[in-house]
Amino acid sequence: MATIRRSLHTPETKADSQQITNNNNDGKQQGKEATKNAEPKEKSDPMIYIIFVSLLFDLLAFTIILPLLPSLLEYYRVNDSSGLYNVLTERVRWFQQLLGAPERYISVLFGGFLGSMFSFLQFLASPIVGGLSDYYGRKPVLLVCASGIALSYLLWACSSNFALFVLARFVGGISKGNISLCMSVITDVSSVKTRGRGMALVGVAFSLGFIVGPMIGAMFAIFSNKSASGGAWFVLPSLLALGLALGDLLVLSCCLRETLPKEKRVKEISSALSYGLQLLNVSSIFRFAAIKNVPKKDTDALRSIGLIYFLYLFLYSGLEFTVTFLMYHKFGYTSMDQAKMFLTTGVIMTLIQGSVVRRLPDAKIKSYAIFSLYLIVPAFVLVGLAEGSGMLYAGMILFAISTAFAVTCLTTLVSKYGNDDQKGSVLGIFRSLGALARALGPVVGSIAFWCVGSKITYIAGGIMLLYPALALQRARI
């Protein structure tokens with residue numbers, strides 16, 4: 001996310017500047033005072049910080065499960081009283097025998113379907129939730145989403161069988177429109193000058209969530225293993241996630257004010273939902289059909305960046321999702337080992353985003369985007385070839401460096417197109433493309449992992465990631 005910097009020289013401040021040239025110290029002092037008066041520092045609305053706290057609670061709860069997912073699926077493979085896991089296993093066994101895929105990787109396949117289901121539900125829910133908030137207001141819809149997320153963690157805590165766990169993920173996915181609503185709140189309460197600060201805080205919340213959450217989940221899992229006598233070891237991590245979700249709900253209930261006044265809301269719910277439904281039309285979002293009255297070259301640029309972003313995130317998310325299964329099955333990593341990996345990559349991304357990415361000049365955004373897309377290629381090839389932790393960490397460090405630049409730079413590139421009143425629509429379509437890519441990527445990546453193994457999957461995926469890099473390098477944007 002890049003902050004747009006504008007020069008604020010008005011005719012009055014230019015006159016003061018001329019007076020500074022012609023007069024002595026008195027004139028200089030007057031010029032300084034005039035400049036200060038002309039450019040007062042605009043304060044951020046307190047609601048931005050409420051959204052930061054809300055997102056931090058939400059993302060800490062969301063990331064607790066990440067290093068636990070492979071172990072969870074292994075647990076349900078052995079202890080599923082509902083029989084759903086065994087039924088699904090029997091349904092795919094003929095395909096497994098046909099391909100000669102190892103049975104121990106079936107959990108990878110199920111994990112991919114669960115990951116894709118979660119993202120696909122988010123793809124469906126986000127535009128609809130956004131439309132409802134334009135009619136009913138931000139706060140009530142946010143409270144409904146937060147309540148659904150809390151319910152999903154309660155179901156997880158009670159999920160003694162695989163069917164309940166799947167239901168928990170379903171409820172969580174369909175309630176995940178809160179992220180886009182938080183962006184809407186920031187847009188409601190910020191000006192052009194303060195919006196960058198709000199978006200920067202969102203980035204900080206994501207970074208902190210993906211650094212701290214997995215570590216917390218792993219530590220609670222270890223504590224549960226030591227203290228529980230044969231019980232469900234995931235209960236404590238799930239209850240912690242539930243506690244964080246309830247904290248989020250409390251913060252939103254008590255501290256968040258409504259940021260979309262009634263006079264600014266749409267008058268009919270059909271109008272509110274019409275734009276959201278456009279974002280569910282796959283052909284429409286690839287063509288950026290909602291963006292009208294712009295030059296053809298701008299439309300072509302939007303479509304090029306959108307396709308590049310989708311292809312990149314489709315391949316990236318599939319390989320990213322299966323990394324935890326790779327660490328579990330190939331390297332025997334425990335939940336804590338995986339959490340340490342998440343910590344390493346998270347700290348690297350946070351440092352780069354805080355020190356380099358946010359200071360990138362506009363002229364270099366495309367160059368750094370191309371660099372990040374090329375860098376992800378050797379990252380995944382190294383992970384695929386890794387036979388020990390050293391090469392695995394090397395690949396994941398390159399992965400972290402690339403990730404720190406890629407999405408932010410591509411988002412900045414696409415935000416330059418469209419008229420001033422179309423920026424929100426452009427970014428909404430862009431986010432929908434990303435959600436669709438994340439809905440398809442995990443299941444495709446998991447099927448490849450299951451069918452041909454990790455080495456071929458990661459090397460082939462890394463090589464295919466050359467295409468988005470080459471396409472961006474050749475694109476005239």
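In this predicted model, the axes of helix H4 (residues 69-79) and helix H14 (residues 296-329) come within 9 Å of each other and cross at roughly 70°. Axes here are lines fitted to C-alpha atoms, for helices over the stretch in contact, and angles run from 0 to 180 degrees between N-to-C directions. H4 and H14 are therefore roughly perpendicular to each other, a label given to angles of 65 to 115 degrees, whereas those under 35 degrees count as roughly parallel, those over 145 as roughly antiparallel and the rest as oblique. On the H4 side the contact is made by Leu69, Pro70, Ser71, Leu73 and Glu74, and on the H14 side by Phe321, Thr324, Phe325, Tyr328 and His329, where contact means heavy atoms within 4.5 Å. These contact residues of H4 and H14 divide into six nonpolar, three polar and one charged; Ala, Val, Leu, Ile, Met, Phe, Trp, Tyr, Cys and Pro count as nonpolar, Asp, Glu, Lys and Arg as charged, and the others, Gly among them, as polar.

Eight of the eleven residues of H4 are buried, so H4 is largely enclosed by the rest of the structure. The buried residues of H4 are Leu69, Pro70, Ser71, Leu72, Leu73, Glu74, Tyr75 and Tyr76, with buried meaning under 20% relative accessible area, exposed over 50% and partly exposed in between (1.4 Å probe, protein chains only).

Residues are numbered from 1 along each chain as its sequence is written. Because the model is predicted, local features need pLDDT of at least 70 and side-chain atom pairs count only at pLDDT 80 or more, while totals for chains, interfaces and linings use all residues; side-chain values use heavy atoms, with hydrogens and water left out.

| Helix pair | Axes come within | Crossing angle |
|---|---|---|
| H4 and H14 | 9 Å | roughly 70° |
| H15 and H17 | 9 Å | roughly 40° |
| H7 and H11 | 8 Å | roughly 165° |

Helix H7 (residues 138-157) and helix H11 (residues 235-255) cross at roughly 165°, and that makes H7 roughly antiparallel to H11. The crossing of H7 and H11 is left-handed, meaning that the near helix is turned anticlockwise from the far one by less than a right angle, while clockwise would be right-handed. Residues from H7 in the contact include Leu142, Leu143 and Trp156, and those from H11 include Leu239, Leu242 and Leu249. By class, the contact of H7 with H11 has 18 nonpolar, three polar and two charged residues.

Helix H15 (residues 335-355) and helix H17 (residues 389-415) cross at roughly 40°, and H15 and H17 are therefore oblique to each other. Their crossing is right-handed, and among the residues making the contact are Thr345, Ile348 and Met349 of H15 and Ile397, Ala400 and Ala404 of H17. The contact of H15 with H17 is made up of twelve nonpolar, five polar and one charged residues.

Met349 lies in helix H15 and, at 17% relative accessibility, counts as buried. Leaving aside residues up to four places away in sequence, Met349 touches Ala400, Thr403 and Ala404. The C-alpha atoms of Met349 and Ile397, which are 48 residues apart along the chain, are separated by 9.2 Å.

The chain as a whole has 20 helices and zero strands, both being DSSP runs numbered from the N terminus (helices H or I, at least four residues; strands E, at least two). Of its 477 residues, 50% count as buried.
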